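Here are some friendly notes to read alongside the model. Please keep the sequence open as you go through the points.

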Amino acid sequence: MLKSKTKQKIFGSLLIILGLGFVITVYLSYEKVQSEIKRPVSYQSVSISKPVPSFQKGDKIGTMFLPRTKEYIPIYEGTESDILADGAGHYEKSSIPGLGNHVILSGHRDTYFKGLKELKKNDLIFLETNNGNFEYKIKKFSIVSSKDSTILTPKSRPILTLTTCYPFSFIGNAPKRYIVTAELITSKSTSSLYLSN
Amino acid sequence: MRKKVSYSLLLLTLILTFATITPVKAAPTQEEVENLADKLGWTAQDLQRYLNFKGLQVEDFEDIEILEKQLGTPITPTRLDHLLEEYSMSREELDILLAGFHEDVNDYWFIEELEVAIDFYQNHEEAMIQIEEFLQHIGINDQEKQNVYNQLNKLDTTLLSQQVHKWKGQFAELQDIDSESKLNEDQKRTLVNFWDDYFRITSIKPVFTLIDDNGKRKSTSISSLMSEPIVDTLAIELFDEKDNFIGDAIVTADMLSTPFTVETADKFVDMASMSEQLSTLYAAQMPNTASYLPLLVCMGYLLILIGIYFTFRKKSYAKK
(Lines give C-alpha, C1' and ligand atoms only; values in the text may rest on other atoms or scores of the structure.)
Protein backbone atom coordinates (compact mmCIF):
# COMPACT_ATOMS: atom_id res chain seq x y z
CA MET A 1 0.00 0.00 0.00
CA LEU A 2 1.23 3.48 -0.83
CA LYS A 3 2.26 5.73 2.05
CA SER A 4 0.05 8.77 2.62
CA LYS A 5 3.07 10.99 1.80
CA THR A 6 3.32 9.38 -1.65
CA LYS A 7 -0.46 9.59 -2.12
CA GLN A 8 -0.38 13.30 -1.38
CA LYS A 9 2.53 13.75 -3.75
CA ILE A 10 0.67 11.98 -6.55
CA PHE A 11 -2.52 13.96 -5.79
CA GLY A 12 -0.56 17.25 -5.77
CA SER A 13 1.16 16.40 -9.07
CA LEU A 14 -2.15 15.45 -10.68
CA LEU A 15 -3.65 18.76 -9.64
CA ILE A 16 -0.64 20.63 -11.06
CA ILE A 17 -0.92 18.71 -14.36
CA LEU A 18 -4.67 19.35 -14.53
CA GLY A 19 -4.15 23.04 -13.75
CA LEU A 20 -1.43 23.31 -16.38
CA GLY A 21 -3.78 21.58 -18.81
CA PHE A 22 -6.43 24.24 -18.19
CA VAL A 23 -3.96 27.08 -18.60
CA ILE A 24 -2.50 25.60 -21.79
CA THR A 25 -6.00 24.98 -23.24
CA VAL A 26 -6.90 28.63 -22.66
CA TYR A 27 -3.58 29.79 -24.10
CA LEU A 28 -4.11 27.65 -27.22
CA SER A 29 -7.68 28.94 -27.62
CA TYR A 30 -6.43 32.55 -27.48
CA GLU A 31 -3.69 31.72 -29.97
CA LYS A 32 -6.21 30.09 -32.32
CA VAL A 33 -8.50 33.15 -32.24
CA GLN A 34 -5.59 35.54 -32.69
CA SER A 35 -4.20 33.69 -35.69
CA GLU A 36 -7.70 33.42 -37.17
CA ILE A 37 -8.57 37.10 -36.93
CA LYS A 38 -5.21 38.30 -38.23
CA ARG A 39 -5.68 36.33 -41.44
CA PRO A 40 -7.14 38.48 -44.22
CA VAL A 41 -10.47 37.34 -45.65
CA SER A 42 -11.78 38.94 -48.77
CA TYR A 43 -15.30 39.37 -50.03
CA GLN A 44 -14.14 41.36 -53.04
CA SER A 45 -16.64 39.93 -55.47
CA VAL A 46 -20.03 41.38 -54.74
CA SER A 47 -22.14 39.04 -56.78
CA ILE A 48 -25.20 40.60 -58.35
CA SER A 49 -27.74 38.18 -57.04
CA LYS A 50 -30.83 38.48 -54.93
CA PRO A 51 -29.84 39.68 -51.43
CA VAL A 52 -30.11 37.14 -48.64
CA PRO A 53 -33.02 38.37 -46.49
CA SER A 54 -32.48 36.10 -43.52
CA PHE A 55 -30.06 33.59 -42.12
CA GLN A 56 -30.33 30.44 -40.06
CA LYS A 57 -28.75 30.36 -36.63
CA GLY A 58 -25.02 29.63 -37.00
CA ASP A 59 -24.85 30.68 -40.69
CA LYS A 60 -21.84 32.78 -41.61
CA ILE A 61 -22.97 36.28 -42.55
CA GLY A 62 -19.62 37.81 -43.43
CA THR A 63 -16.52 39.39 -41.96
CA MET A 64 -15.89 42.53 -39.95
CA PHE A 65 -12.58 44.22 -40.64
CA LEU A 66 -11.10 46.61 -38.07
CA PRO A 67 -8.29 48.56 -39.79
CA ARG A 68 -6.83 49.85 -36.48
CA THR A 69 -6.18 46.39 -35.07
CA LYS A 70 -5.94 44.75 -38.52
CA GLU A 71 -8.41 42.09 -37.41
CA TYR A 72 -10.81 40.13 -39.61
CA ILE A 73 -13.59 38.89 -37.38
CA PRO A 74 -16.02 36.30 -38.75
CA ILE A 75 -19.70 37.10 -38.18
CA TYR A 76 -22.30 34.39 -37.56
CA GLU A 77 -26.07 34.56 -37.12
CA GLY A 78 -27.16 34.39 -33.46
CA THR A 79 -25.63 35.31 -30.12
CA GLU A 80 -25.73 31.99 -28.24
CA SER A 81 -22.55 31.03 -26.39
CA ASP A 82 -21.60 28.29 -28.87
CA ILE A 83 -21.86 30.80 -31.75
CA LEU A 84 -19.86 33.46 -29.89
CA ALA A 85 -17.11 30.88 -29.39
CA ASP A 86 -16.54 30.97 -33.18
CA GLY A 87 -16.73 34.70 -33.88
CA ALA A 88 -18.93 37.76 -33.56
CA GLY A 89 -22.67 37.09 -33.31
CA HIS A 90 -25.30 38.99 -35.27
CA TYR A 91 -28.20 39.76 -32.95
CA GLU A 92 -30.98 37.91 -34.75
CA LYS A 93 -33.68 40.50 -34.24
CA SER A 94 -31.51 43.32 -35.55
CA SER A 95 -31.23 44.18 -39.22
CA ILE A 96 -29.24 42.22 -41.72
CA PRO A 97 -26.52 44.55 -43.10
CA GLY A 98 -27.92 46.25 -46.20
CA LEU A 99 -31.53 45.41 -45.38
CA GLY A 100 -32.33 47.68 -42.46
CA ASN A 101 -31.06 50.42 -40.21
CA HIS A 102 -29.73 48.92 -37.02
CA VAL A 103 -27.16 46.15 -37.24
CA ILE A 104 -26.09 44.76 -33.85
CA LEU A 105 -23.05 42.52 -33.38
CA SER A 106 -21.87 41.03 -30.09
CA GLY A 107 -18.65 39.28 -29.23
CA HIS A 108 -16.55 37.92 -26.38
CA ARG A 109 -14.47 40.65 -24.81
CA ASP A 110 -11.52 38.29 -24.29
CA THR A 111 -11.38 36.68 -27.72
CA TYR A 112 -12.96 38.08 -30.89
CA PHE A 113 -13.92 41.49 -29.47
CA LYS A 114 -10.75 41.90 -27.42
CA GLY A 115 -9.59 44.55 -29.89
CA LEU A 116 -12.64 46.75 -29.25
CA LYS A 117 -10.90 48.59 -26.44
CA GLU A 118 -8.15 49.69 -28.85
CA LEU A 119 -10.60 51.45 -31.18
CA LYS A 120 -10.83 55.24 -31.29
CA LYS A 121 -13.50 57.71 -32.36
CA ASN A 122 -13.66 58.15 -36.16
CA ASP A 123 -12.03 54.75 -36.77
CA LEU A 124 -13.49 52.86 -39.68
CA ILE A 125 -15.22 49.48 -39.47
CA PHE A 126 -15.85 47.45 -42.61
CA LEU A 127 -18.55 44.83 -42.90
CA GLU A 128 -18.05 42.54 -45.84
CA THR A 129 -21.04 40.32 -46.45
CA ASN A 130 -22.76 38.47 -49.24
CA ASN A 131 -25.28 41.30 -49.25
CA GLY A 132 -22.58 43.87 -49.99
CA ASN A 133 -19.77 45.85 -48.41
CA PHE A 134 -20.44 48.50 -45.79
CA GLU A 135 -18.16 51.14 -44.33
CA TYR A 136 -19.00 52.53 -40.91
CA LYS A 137 -17.27 55.21 -38.87
CA ILE A 138 -17.18 55.11 -35.08
CA LYS A 139 -19.22 57.89 -33.55
CA LYS A 140 -19.15 57.09 -29.84
CA PHE A 141 -18.26 54.66 -27.07
CA SER A 142 -20.39 54.04 -24.02
CA ILE A 143 -20.41 51.84 -20.97
CA VAL A 144 -23.92 50.87 -19.92
CA SER A 145 -25.68 48.45 -17.61
CA SER A 146 -26.33 45.00 -19.10
CA LYS A 147 -30.05 45.76 -18.66
CA ASP A 148 -29.94 49.09 -20.50
CA SER A 149 -32.98 49.06 -22.78
CA THR A 150 -31.85 51.96 -24.98
CA ILE A 151 -29.11 50.10 -26.84
CA LEU A 152 -30.98 47.53 -28.88
CA THR A 153 -33.67 49.91 -30.08
CA PRO A 154 -34.40 50.52 -33.75
CA LYS A 155 -32.70 53.57 -35.26
CA SER A 156 -33.82 56.30 -37.61
CA ARG A 157 -30.65 55.95 -39.74
CA PRO A 158 -28.13 53.21 -40.52
CA ILE A 159 -26.16 52.41 -37.38
CA LEU A 160 -23.82 49.57 -36.42
CA THR A 161 -23.70 48.74 -32.72
CA LEU A 162 -21.02 46.48 -31.27
CA THR A 163 -21.58 45.13 -27.77
CA THR A 164 -19.26 43.24 -25.46
CA CYS A 165 -18.89 42.74 -21.74
CA TYR A 166 -17.25 45.33 -19.51
CA PRO A 167 -14.90 45.53 -17.59
CA PHE A 168 -12.62 43.76 -20.06
CA SER A 169 -10.70 42.07 -17.25
CA PHE A 170 -13.78 40.87 -15.34
CA ILE A 171 -14.12 37.14 -14.64
CA GLY A 172 -17.61 35.71 -15.16
CA ASN A 173 -20.75 37.55 -16.24
CA ALA A 174 -19.74 41.21 -16.23
CA PRO A 175 -22.36 43.66 -14.96
CA LYS A 176 -21.76 46.24 -17.69
CA ARG A 177 -21.60 46.36 -21.47
CA TYR A 178 -19.11 48.20 -23.66
CA ILE A 179 -20.93 49.75 -26.61
CA VAL A 180 -19.41 51.01 -29.84
CA THR A 181 -21.76 53.03 -32.04
CA ALA A 182 -20.80 53.60 -35.67
CA GLU A 183 -22.56 55.39 -38.49
CA LEU A 184 -22.81 54.13 -42.06
CA ILE A 185 -20.57 56.12 -44.43
CA THR A 186 -20.75 54.20 -47.69
CA SER A 187 -22.37 51.01 -48.81
CA LYS A 188 -22.17 48.88 -51.88
CA SER A 189 -25.00 46.49 -51.30
CA THR A 190 -26.32 43.81 -53.54
CA SER A 191 -29.82 44.95 -52.64
CA SER A 192 -29.22 48.31 -54.37
CA LEU A 193 -27.36 46.65 -57.22
CA TYR A 194 -30.17 44.16 -57.49
CA LEU A 195 -32.82 46.84 -57.56
CA SER A 196 -31.00 48.88 -60.18
CA ASN A 197 -30.52 45.93 -62.44
CA MET B 1 -3.96 58.54 -99.28
CA ARG B 2 -0.91 60.13 -97.66
CA LYS B 3 -2.95 63.27 -97.04
CA LYS B 4 -5.62 61.22 -95.27
CA VAL B 5 -3.03 59.61 -93.01
CA SER B 6 -1.45 62.91 -92.09
CA TYR B 7 -4.88 64.42 -91.31
CA SER B 8 -5.68 61.49 -89.06
CA LEU B 9 -2.32 61.86 -87.31
CA LEU B 10 -2.92 65.56 -86.81
CA LEU B 11 -6.38 64.91 -85.38
CA LEU B 12 -5.03 62.27 -83.02
CA THR B 13 -2.26 64.59 -81.85
CA LEU B 14 -4.80 67.36 -81.22
CA ILE B 15 -7.08 65.03 -79.24
CA LEU B 16 -4.17 63.75 -77.16
CA THR B 17 -2.90 67.30 -76.51
CA PHE B 18 -6.35 68.46 -75.37
CA ALA B 19 -6.79 65.38 -73.24
CA THR B 20 -3.53 66.07 -71.40
CA ILE B 21 -3.90 69.80 -70.94
CA THR B 22 -7.60 69.83 -69.97
CA PRO B 23 -7.75 69.77 -66.15
CA VAL B 24 -9.22 66.42 -65.02
CA LYS B 25 -11.03 67.81 -62.05
CA ALA B 26 -12.09 71.20 -60.77
CA ALA B 27 -12.63 71.88 -57.11
CA PRO B 28 -14.35 74.64 -55.14
CA THR B 29 -11.99 77.41 -54.09
CA GLN B 30 -11.16 78.13 -50.47
CA GLU B 31 -13.19 81.34 -50.70
CA GLU B 32 -16.26 79.48 -52.02
CA VAL B 33 -15.96 76.95 -49.21
CA GLU B 34 -15.74 79.69 -46.59
CA ASN B 35 -18.74 81.49 -48.09
CA LEU B 36 -20.75 78.28 -48.11
CA ALA B 37 -19.83 77.49 -44.51
CA ASP B 38 -20.78 81.04 -43.55
CA LYS B 39 -24.11 80.72 -45.34
CA LEU B 40 -24.88 77.50 -43.45
CA GLY B 41 -23.93 78.98 -40.09
CA TRP B 42 -20.81 76.82 -39.80
CA THR B 43 -17.14 77.73 -39.71
CA ALA B 44 -14.87 76.36 -42.46
CA GLN B 45 -13.46 74.02 -39.77
CA ASP B 46 -16.95 72.66 -39.00
CA LEU B 47 -17.43 71.91 -42.68
CA GLN B 48 -14.01 70.28 -42.83
CA ARG B 49 -14.84 68.21 -39.74
CA TYR B 50 -18.08 67.02 -41.35
CA LEU B 51 -16.35 66.09 -44.62
CA ASN B 52 -13.56 64.33 -42.72
CA PHE B 53 -16.12 62.30 -40.82
CA LYS B 54 -17.76 61.28 -44.06
CA GLY B 55 -14.35 60.35 -45.49
CA LEU B 56 -14.56 63.15 -48.08
CA GLN B 57 -12.48 66.15 -49.11
CA VAL B 58 -13.40 69.47 -50.71
CA GLU B 59 -11.46 68.32 -53.80
CA ASP B 60 -13.88 65.44 -54.25
CA PHE B 61 -16.54 67.90 -55.43
CA GLU B 62 -16.48 69.41 -58.88
CA ASP B 63 -18.03 72.66 -57.81
CA ILE B 64 -19.51 74.34 -54.79
CA GLU B 65 -23.14 73.63 -55.84
CA ILE B 66 -22.58 69.88 -55.73
CA LEU B 67 -20.96 70.20 -52.30
CA GLU B 68 -23.88 72.32 -51.12
CA LYS B 69 -26.40 69.73 -52.31
CA GLN B 70 -24.64 67.10 -50.22
CA LEU B 71 -25.18 69.11 -47.05
CA GLY B 72 -28.30 69.64 -45.00
CA THR B 73 -29.07 72.52 -42.68
CA PRO B 74 -26.57 72.42 -39.82
CA ILE B 75 -28.00 72.37 -36.31
CA THR B 76 -27.59 75.75 -34.63
CA PRO B 77 -29.22 76.82 -31.35
CA THR B 78 -31.69 79.07 -33.23
CA ARG B 79 -32.66 76.36 -35.72
CA LEU B 80 -32.98 73.82 -32.93
CA ASP B 81 -35.31 76.18 -31.04
CA HIS B 82 -37.38 76.57 -34.17
CA LEU B 83 -37.60 72.79 -34.65
CA LEU B 84 -38.59 72.29 -31.00
CA GLU B 85 -41.32 74.91 -31.47
CA GLU B 86 -42.63 73.01 -34.52
CA TYR B 87 -42.87 69.82 -32.50
CA SER B 88 -44.12 71.64 -29.36
CA MET B 89 -41.31 70.09 -27.39
CA SER B 90 -38.91 71.47 -24.82
CA ARG B 91 -35.20 70.77 -25.15
CA GLU B 92 -35.47 68.52 -22.13
CA GLU B 93 -38.24 66.47 -23.77
CA LEU B 94 -36.14 66.07 -26.90
CA ASP B 95 -33.16 64.95 -24.82
CA ILE B 96 -35.34 62.41 -23.01
CA LEU B 97 -36.80 61.11 -26.30
CA LEU B 98 -33.35 60.66 -27.86
CA ALA B 99 -31.87 59.23 -24.66
CA GLY B 100 -34.49 56.48 -24.87
CA PHE B 101 -32.70 55.38 -28.04
CA HIS B 102 -29.17 55.93 -26.75
CA GLU B 103 -28.71 59.12 -28.73
CA ASP B 104 -28.41 62.86 -28.21
CA VAL B 105 -28.56 65.99 -30.35
CA ASN B 106 -24.79 65.89 -30.88
CA ASP B 107 -25.22 62.64 -32.81
CA TYR B 108 -26.80 64.63 -35.61
CA TRP B 109 -25.22 66.99 -38.10
CA PHE B 110 -28.31 68.40 -39.77
CA ILE B 111 -31.77 69.61 -38.77
CA GLU B 112 -33.30 67.35 -41.46
CA GLU B 113 -31.74 64.20 -39.95
CA LEU B 114 -32.89 65.24 -36.49
CA GLU B 115 -36.40 65.84 -37.79
CA VAL B 116 -36.55 62.33 -39.28
CA ALA B 117 -35.32 60.94 -35.97
CA ILE B 118 -37.94 62.82 -33.92
CA ASP B 119 -40.73 61.60 -36.23
CA PHE B 120 -39.45 58.04 -36.18
CA TYR B 121 -38.92 57.82 -32.43
CA GLN B 122 -42.15 59.62 -31.55
CA ASN B 123 -44.21 57.29 -33.75
CA HIS B 124 -42.64 54.26 -32.18
CA GLU B 125 -43.15 55.64 -28.71
CA GLU B 126 -46.78 56.46 -29.38
CA ALA B 127 -47.50 53.03 -30.82
CA MET B 128 -45.83 51.47 -27.81
CA ILE B 129 -47.79 53.59 -25.34
CA GLN B 130 -51.07 52.70 -27.07
CA ILE B 131 -50.31 48.99 -26.86
CA GLU B 132 -49.28 49.31 -23.21
CA GLU B 133 -52.53 51.06 -22.35
CA PHE B 134 -54.59 48.50 -24.20
CA LEU B 135 -52.85 45.56 -22.52
CA GLN B 136 -53.32 47.15 -19.11
CA HIS B 137 -56.98 47.65 -19.92
CA ILE B 138 -57.52 43.91 -20.53
CA GLY B 139 -55.44 42.91 -17.50
CA ILE B 140 -52.19 41.73 -19.08
CA ASN B 141 -49.37 42.72 -16.74
CA ASP B 142 -45.75 43.55 -17.58
CA GLN B 143 -44.47 40.02 -17.12
CA GLU B 144 -47.26 38.61 -19.29
CA LYS B 145 -46.62 41.25 -21.93
CA GLN B 146 -42.96 40.22 -21.95
CA ASN B 147 -44.04 36.58 -22.35
CA VAL B 148 -46.18 37.47 -25.38
CA TYR B 149 -43.28 39.37 -26.94
CA ASN B 150 -40.93 36.49 -26.22
CA GLN B 151 -43.33 34.17 -27.97
CA LEU B 152 -43.60 36.51 -30.97
CA ASN B 153 -39.83 36.90 -31.03
CA LYS B 154 -39.45 33.18 -31.68
CA LEU B 155 -41.00 33.67 -35.11
CA ASP B 156 -39.25 34.24 -38.39
CA THR B 157 -39.20 38.01 -38.93
CA THR B 158 -39.85 37.82 -42.67
CA LEU B 159 -42.83 35.53 -42.25
CA LEU B 160 -44.24 37.68 -39.48
CA SER B 161 -43.79 40.82 -41.54
CA GLN B 162 -45.73 39.27 -44.45
CA GLN B 163 -48.50 38.18 -42.09
CA VAL B 164 -48.77 41.60 -40.45
CA HIS B 165 -49.15 43.13 -43.88
CA LYS B 166 -51.89 40.64 -44.78
CA TRP B 167 -53.77 41.13 -41.51
CA LYS B 168 -53.58 44.92 -41.73
CA GLY B 169 -55.16 44.65 -45.18
CA GLN B 170 -57.99 42.50 -43.82
CA PHE B 171 -58.75 45.01 -41.07
CA ALA B 172 -58.83 48.03 -43.33
CA GLU B 173 -62.51 47.38 -44.09
CA LEU B 174 -63.42 46.89 -40.43
CA GLN B 175 -61.89 50.15 -39.23
CA ASP B 176 -64.91 52.43 -39.69
CA ILE B 177 -67.31 50.43 -37.56
CA ASP B 178 -68.89 52.48 -34.77
CA SER B 179 -70.00 51.27 -31.37
CA GLU B 180 -73.67 50.89 -32.35
CA SER B 181 -73.24 48.79 -35.47
CA LYS B 182 -73.04 45.02 -35.56
CA LEU B 183 -70.64 42.90 -37.56
CA ASN B 184 -72.19 41.15 -40.53
CA GLU B 185 -71.54 37.46 -41.21
CA ASP B 186 -68.63 38.18 -43.58
CA GLN B 187 -66.95 40.47 -41.10
CA LYS B 188 -67.41 37.94 -38.31
CA ARG B 189 -65.85 35.28 -40.51
CA THR B 190 -62.92 37.60 -41.25
CA LEU B 191 -62.32 38.03 -37.52
CA VAL B 192 -62.66 34.32 -36.69
CA ASN B 193 -60.27 33.46 -39.51
CA PHE B 194 -57.87 36.12 -38.32
CA TRP B 195 -57.73 34.76 -34.79
CA ASP B 196 -57.31 31.18 -36.02
CA ASP B 197 -54.52 32.38 -38.27
CA TYR B 198 -52.91 34.49 -35.55
CA PHE B 199 -52.83 31.74 -32.94
CA ARG B 200 -51.65 29.15 -35.44
CA ILE B 201 -48.78 31.31 -36.72
CA THR B 202 -47.68 32.57 -33.31
CA SER B 203 -48.07 29.08 -31.75
CA ILE B 204 -50.10 30.66 -28.98
CA LYS B 205 -52.82 28.37 -27.59
CA PRO B 206 -55.80 30.26 -26.24
CA VAL B 207 -58.26 28.91 -23.69
CA PHE B 208 -61.54 30.83 -23.52
CA THR B 209 -63.70 30.50 -20.47
CA LEU B 210 -67.01 32.23 -19.77
CA ILE B 211 -67.64 32.98 -16.11
CA ASP B 212 -71.17 33.90 -15.07
CA ASP B 213 -72.19 35.96 -12.02
CA ASN B 214 -72.30 32.85 -9.81
CA GLY B 215 -68.73 31.95 -10.73
CA LYS B 216 -69.80 29.06 -12.94
CA ARG B 217 -67.21 28.39 -15.67
CA LYS B 218 -67.89 27.22 -19.18
CA SER B 219 -65.25 26.77 -21.83
CA THR B 220 -65.92 28.24 -25.25
CA SER B 221 -64.27 29.00 -28.58
CA ILE B 222 -63.75 32.03 -30.79
CA SER B 223 -66.37 31.03 -33.34
CA SER B 224 -69.07 30.54 -30.71
CA LEU B 225 -68.03 33.82 -29.06
CA MET B 226 -68.60 35.54 -32.37
CA SER B 227 -71.96 33.93 -33.03
CA GLU B 228 -73.59 34.28 -29.61
CA PRO B 229 -74.17 37.48 -27.65
CA ILE B 230 -71.96 37.50 -24.55
CA VAL B 231 -73.47 38.36 -21.20
CA ASP B 232 -70.83 36.84 -18.90
CA THR B 233 -67.25 37.74 -18.16
CA LEU B 234 -64.75 36.19 -20.54
CA ALA B 235 -61.42 34.90 -19.25
CA ILE B 236 -58.72 34.29 -21.86
CA GLU B 237 -55.67 32.28 -20.94
CA LEU B 238 -52.76 32.00 -23.35
CA PHE B 239 -50.23 29.16 -23.44
CA ASP B 240 -47.22 28.48 -25.63
CA GLU B 241 -46.63 25.35 -27.72
CA LYS B 242 -45.19 23.56 -24.68
CA ASP B 243 -48.23 24.50 -22.58
CA ASN B 244 -46.29 27.06 -20.57
CA PHE B 245 -48.48 29.86 -19.30
CA ILE B 246 -48.03 33.14 -21.19
CA GLY B 247 -50.71 35.35 -19.70
CA ASP B 248 -54.37 35.89 -19.04
CA ALA B 249 -56.84 38.62 -19.86
CA ILE B 250 -60.25 39.41 -18.47
CA VAL B 251 -62.90 40.92 -20.70
CA THR B 252 -66.22 41.94 -19.19
CA ALA B 253 -69.47 41.87 -21.13
CA ASP B 254 -69.76 45.67 -21.25
CA MET B 255 -66.27 45.92 -22.81
CA LEU B 256 -67.30 43.62 -25.62
CA SER B 257 -68.57 46.18 -28.09
CA THR B 258 -67.95 45.73 -31.81
CA PRO B 259 -65.13 48.34 -32.01
CA PHE B 260 -63.49 46.68 -29.02
CA THR B 261 -63.50 43.32 -30.79
CA VAL B 262 -61.93 44.89 -33.86
CA GLU B 263 -59.50 46.92 -31.76
CA THR B 264 -58.36 43.83 -29.88
CA ALA B 265 -57.51 42.11 -33.14
CA ASP B 266 -55.81 45.24 -34.42
CA LYS B 267 -53.73 45.66 -31.26
CA PHE B 268 -52.57 42.05 -31.39
CA VAL B 269 -51.41 42.65 -34.94
CA ASP B 270 -49.67 45.82 -33.74
CA MET B 271 -47.92 43.72 -31.11
CA ALA B 272 -46.75 41.30 -33.78
CA SER B 273 -45.62 44.19 -35.92
CA MET B 274 -43.90 45.76 -32.91
CA SER B 275 -42.16 42.54 -32.18
CA GLU B 276 -40.89 42.60 -35.72
CA GLN B 277 -39.75 46.23 -35.67
CA LEU B 278 -39.19 46.78 -32.00
CA SER B 279 -38.41 43.34 -30.75
CA THR B 280 -34.97 44.56 -29.93
CA LEU B 281 -36.49 47.07 -27.57
CA TYR B 282 -38.43 44.47 -25.65
CA ALA B 283 -35.77 41.80 -25.68
CA ALA B 284 -33.83 44.40 -23.78
CA GLN B 285 -31.28 42.07 -22.24
CA MET B 286 -28.07 42.33 -24.22
CA PRO B 287 -26.35 39.10 -25.21
CA ASN B 288 -24.05 37.58 -22.65
CA THR B 289 -20.57 38.16 -23.97
CA ALA B 290 -18.50 36.56 -21.22
CA SER B 291 -16.53 33.52 -22.36
CA TYR B 292 -15.55 30.68 -20.05
CA LEU B 293 -11.83 31.14 -20.82
CA PRO B 294 -10.86 33.54 -17.98
CA LEU B 295 -12.70 31.30 -15.53
CA LEU B 296 -10.85 28.28 -16.86
CA VAL B 297 -7.48 29.98 -16.54
CA CYS B 298 -8.29 30.97 -12.95
CA MET B 299 -9.29 27.40 -12.14
CA GLY B 300 -6.06 26.24 -13.75
CA TYR B 301 -3.95 28.51 -11.56
CA LEU B 302 -5.96 27.55 -8.49
CA LEU B 303 -5.41 23.83 -9.18
CA ILE B 304 -1.66 24.44 -9.65
CA LEU B 305 -1.55 26.31 -6.33
CA ILE B 306 -3.45 23.57 -4.49
CA GLY B 307 -1.14 21.00 -6.12
CA ILE B 308 1.93 22.91 -4.92
CA TYR B 309 0.40 23.20 -1.45
CA PHE B 310 -0.04 19.44 -1.20
CA THR B 311 3.55 18.88 -2.26
CA PHE B 312 4.77 21.53 0.19
CA ARG B 313 2.73 20.11 3.10
CA LYS B 314 4.25 16.70 2.51
CA LYS B 315 7.75 18.18 2.77
CA SER B 316 6.99 19.95 6.07
CA TYR B 317 5.74 16.63 7.53
CA ALA B 318 8.97 15.00 6.37
CA LYS B 319 11.06 17.63 8.25
CA LYS B 320 9.24 16.83 11.48
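1. Helices (H or I, at least four residues) and strands (E, at least two) are DSSP runs, numbered from the N terminus.

2. This is a predicted model, where local features need pLDDT of at least 70 and side-chain atom pairs count only at pLDDT 80 or more, while totals for chains, interfaces and linings use all residues. Residues are numbered from 1 along each chain, chains are lettered from A in the order in which they are written, and side-chain values use heavy atoms, with hydrogens and water left out.

3. Let us start with a helix of chain B. Helix α6 of chain B, residues 91-99, has B:L94, B:L97 and B:L98 buried. Those buried residues fall within an arc of 95° seen down the axis of α6(B), so they line one face of the helix; the arc is that of the directions from the helix axis to the C-beta atoms. On the face turned away from that buried side sit the exposed residues B:E92 and B:I96.

4. What do the buried residues of α6(B) pack against? Their partners are α5 (77-86) and α7 (111-137) of chain B, with contact meaning heavy atoms within 4.5 Å.

5. Chain A has 3 helices and 8 strands, in the order α-β-β-α-β-β-β-β-β-β-α along the sequence. Of its 197 residues, 51% count as buried.

6. Now to the interface. In chain A, 60 residues are in contact with 57 residues of chain B. Together the two chains bury about 5100 Å², 62% of it on carbon and sulfur atoms; buried area is the accessible area (1.4 Å probe) that two parts lose on being put together, summed over both. A:Q8, A:K93 and A:P154 supply 13% of the area that chain A buries against chain B, more than any other three residues.

7. How many salt bridges are counted between chain A and chain B? The count is 2, a salt bridge being a side-chain nitrogen of Lys or Arg within 4 Å of a carboxyl oxygen of Asp or Glu. B:D107 forms a salt bridge with A:K140, the closest N and O atoms being 2.7 Å apart.

8. Several elements of chain A, including α1 (4-37) and β6 (132-145), each supply at least two residues of the side that touches chain B. The largest share of that side, 15 residues, comes from α1(A).

Terms used. Buried means under 20% relative accessible area, exposed over 50%, partly exposed in between (1.4 Å probe, protein chains only).
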